[in-house]
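Subject: Structure handover

Hello,

I am passing this structure on to you. Please look through it first, then read my notes below.

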Amino acid sequence: SLCDPRNSQQSQDNWFVSFLINWLPILLFIAVWVFYIRRCSGSKSPTMRILVRQVDLTEQQNKTLERIAAALEEKNQRKEVS
């Protein structure tokens with residue numbers, strides 16, 4: 001019957017299980033996301049080291065390409081003058 005105390009305890013248990021089933025994956029996802037954001041935001045993280053290395057490499061390549069472009073431009077100007 002509806003007034004049975006065992007029935008009310010069972011419905012409370014069902015509510016708790018239902019809550020866990022519905023919200024646990026979302027809470028786990030948020031916890032993992034926060035963990036990775038904190039891990040990757042530090043300057044000592046492997047991801048940041050790779051990114052910093054990539055930026056340094058790109059800057060070196062840009063400087064080299066600028067030197068090559070300047071040398072080619074100078075060479076073309078010499079040909080025009082001659």
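The protein chain has 82 residues, and 1% of them count as buried. Buried means under 20% relative accessible area, exposed means over 50%, and partly exposed lies in between (1.4 Å probe, protein chains only).

A word on the source. This is a predicted model, where local features need pLDDT of at least 70, side-chain atom pairs count only at pLDDT 80 or more, and totals for chains, interfaces and linings use all residues. Residues are numbered from 1 along each chain as its sequence is written, and side-chain values use heavy atoms, with hydrogens and water left out.

Overall picture

The protein chain has two helices and zero strands. Both are DSSP runs, numbered from the N terminus: helices are H or I with at least four residues, strands are E with at least two. The accessible surface of the chain is about 8,000 Å². Carbon and sulfur atoms account for 63% of that surface. Such areas come from the Shrake-Rupley method with a 1.4 Å probe; for residues, only the protein chains shown count as cover.

Aromatic pairs

There are two aromatic pairs in the structure. Trp15 and Phe19 make a stacked one, at 5.7 Å centre to centre and 15° between the planes. For the terms: rings of Phe, Tyr and Trp (its six-membered ring) pair if their centres lie within 6.5 Å, and planes under 30 degrees apart count as stacked, over 60 as edge-to-face, the rest as tilted. Both residues, Trp15 and Phe19, sit in helix 1 (residues 5–41). They are four residues apart, about one turn of the helix. Trp15 counts as exposed, because its relative accessibility is 58%. Phe19 is partly exposed, at 36%.

Phe35 and Tyr36 form an edge-to-face pair: 5.3 Å centre to centre, 70° between the planes. Tyr36 is partly exposed, with 43% relative accessible area.

Salt bridge

The structure has one salt bridge. Which side chains meet in it? Those of Arg78 and Glu74, at 2.4 Å, N to O. The term requires a side-chain nitrogen of Lys or Arg within 4 Å of a carboxyl oxygen of Asp or Glu. Arg78 and Glu74 both lie in helix 2 (residues 46–81), four residues apart, about one turn of the helix. Arg78 is exposed at 55% relative accessibility, whereas Glu74 is partly exposed at 41%.

The loop

Ser45 lies in the loop between helix 1 and helix 2. Is Ser45 buried or exposed? Ser45 counts as buried, because its relative accessibility is 6%. Leaving aside neighbours within four places in sequence, Ser45 is in contact (heavy atoms within 4.5 Å) with Arg39 and Cys40.

Best wishes
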